[in-house]
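Student: Could you help me learn to read a protein model?
Tutor: Gladly, let's take a look together.

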Amino acid sequence: MRKKPVLPEVEPVVLDKILGLRAGVFIIISAFAALLLLFFLLFVLPGLVGGGTYVSFSSNLHSLGVIVDGKYQGSTEGSRYYLEPGKHDVEYIYGGESIAEETIELPHHVFFTLFHHRTEDIFFQVEYSPELERTVKERFISDVALWSSTSDYSETYAYPPIIMNFAEDAYGLGFADVLYEMEFALMHVTGIQMAQDYLSASLYLEERGYELPTIDFDLESLFKEGLGTVEAAPSVVEKGKYSDGYFFFEGGKITLGKSGEIVYPETASYPIEVTVDPFAIARFTVSEYEYALFLEANPKWRAENKESLIEDGLVDEFYLEGVYTSTAFMSTKPVRNISFHAAEAYAEWLSNESGVQYYIPSEKEWTYAALSAKDQPYAASLSYKSADMSAPSAMFGGLWEFTSTPYIPLARLFGYDSSLSQESVDDIIVKGGSFMNSGVDESVVGVAKRSECSEYMGLRLARKI
């Protein structure tokens, strides 16, 4: 047998102690401490430093503004806002006015806040009041008018469900009646998205017992393939009697509009029969000299006060640009770059000065007079003045002329003489074309804002008989 080898004795290796602890024990304790530190840094420290709550505000009233501790946070439309722990003063605003205040208290969350955000949903119940109902309805009217100015929307300029939101607000707050507001919305539908919004809102309200406007055709088809064609009956108007610068008409029935397809936006010229009461209309548009007399008596409307007029929403930055407004020389050139508001002020001043009631003609009055002047040449310049004394001069061409009729996109389909007040609509109808246009006849409908001023827009007065 072989002998086992004899190995030399080796002295065991003994590690030095660390902080009085054996190395192995120290390593285990260090690893555990590192884990504890990591746990603290990841799961505890963020909560100690912050520990707030992500709060979502909601309400029975859409688009309610939220102010927390004096700082505007946003609206009640689904967004979440981070708030520190503790008590917070919350103010709710609507239409720029404060409607309620409350104090909320949020807990201080400590554990796992880095990976698990604490959330809380706060619902605020808005109570009905007549003042709030008026504010909600006024804001809705304003929003409808704003969004109806565009007929095509995209993903970047998306159409919000303003009509459906109003319907839910009206029901949630307990409004007794929304017929006027829904009629206004219906007459201002200008695109397929808005049409679908209206139909959804009307169904929602109908199921809850509200009275709504009647629609006897497919509203969506009006913005797709159309509703077919319509024929306009011809209108014949006798020449007016001329006296002292005005043509006097006995009035009667005429057709506004023309034959064509029933599809938007051609609905602005949809033919309807209207009755015109007796009236008189000026032979010429208001001249620069005539307007200068108004400015002399009414300093508020002078060009040097344009900034304050703009601030009041009465004119825009083009007011009286390029217009000669001196009473030293009698300029017969038609006044331009005045707004509808300025035109109203001029008519009121002239009425007070003369004792005769002057006013801006309605669309149907303007059209009645224009039908008597169809045989006159198109005014291709501002200086055109017809020697023909049988009809008003330059009703076609010259300048677009103000009417007192508000522009409501679908009014001719749902009641041209509706109950919609003029104050609710910022757009007004202008007629006749300008020297820059061609082929404009009495059926063409132009649109302008009440504060808009244009080099191609002027005023022809009417007067009561």
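Tutor: This is a predicted model.

Student: How are the rings of Phe279 and Tyr368 arranged, stacked or edge-to-face?

Tutor: Look at the angle between the planes. Phe279 and Tyr368 make an edge-to-face pair, with 80° between the planes and 6.1 Å from centre to centre. This pair joins distant parts of the chain, since Phe279 sits in strand β14 and Tyr368 in helix α9, 89 residues apart.

Student: How many aromatic pairs are there?

Tutor: The count comes to 25. Another of them is Tyr92 with Phe124, a stacked pair at 4.1 Å centre to centre and 15° between the planes. Tyr92 belongs to strand β5 and Phe124 to strand β7, 32 residues apart.

Student: Why does Phe124 count as buried?

Tutor: Buried means under 20% relative accessible area. Phe124 has 13% relative accessibility, so Phe124 counts as buried.

Student: Which classes of residue line the largest pocket?

Tutor: The lining has 18 nonpolar, 7 polar and 6 charged residues.

Student: What does the side chain of Glu288 reach?

Tutor: Glu288, in helix α6, reaches the backbone nitrogen of Tyr324 with its side chain, at 3.2 Å.

Technical notes. Residues are numbered from 1 along each chain as its sequence is written. This is a predicted model: local features need pLDDT of at least 70, side-chain atom pairs count only at pLDDT 80 or more; totals for chains, interfaces and linings use all residues. Side-chain values use heavy atoms; hydrogens and water are left out. Ala, Val, Leu, Ile, Met, Phe, Trp, Tyr, Cys and Pro count as nonpolar, Asp, Glu, Lys and Arg as charged, and the others, Gly among them, as polar. Helices (H or I, at least four residues) and strands (E, at least two) are DSSP runs, numbered from the N terminus. A polar contact is a pair of N or O atoms within 3.5 Å; within protein, one must be able to donate a hydrogen and the other to accept it, and residues adjacent in sequence count only if both atoms are side-chain atoms. Rings of Phe, Tyr and Trp (its six-membered ring) pair if their centres lie within 6.5 Å; planes under 30 degrees apart count as stacked, over 60 as edge-to-face and the rest as tilted. Buried means under 20% relative accessible area, exposed over 50%, partly exposed in between (1.4 Å probe, protein chains only).
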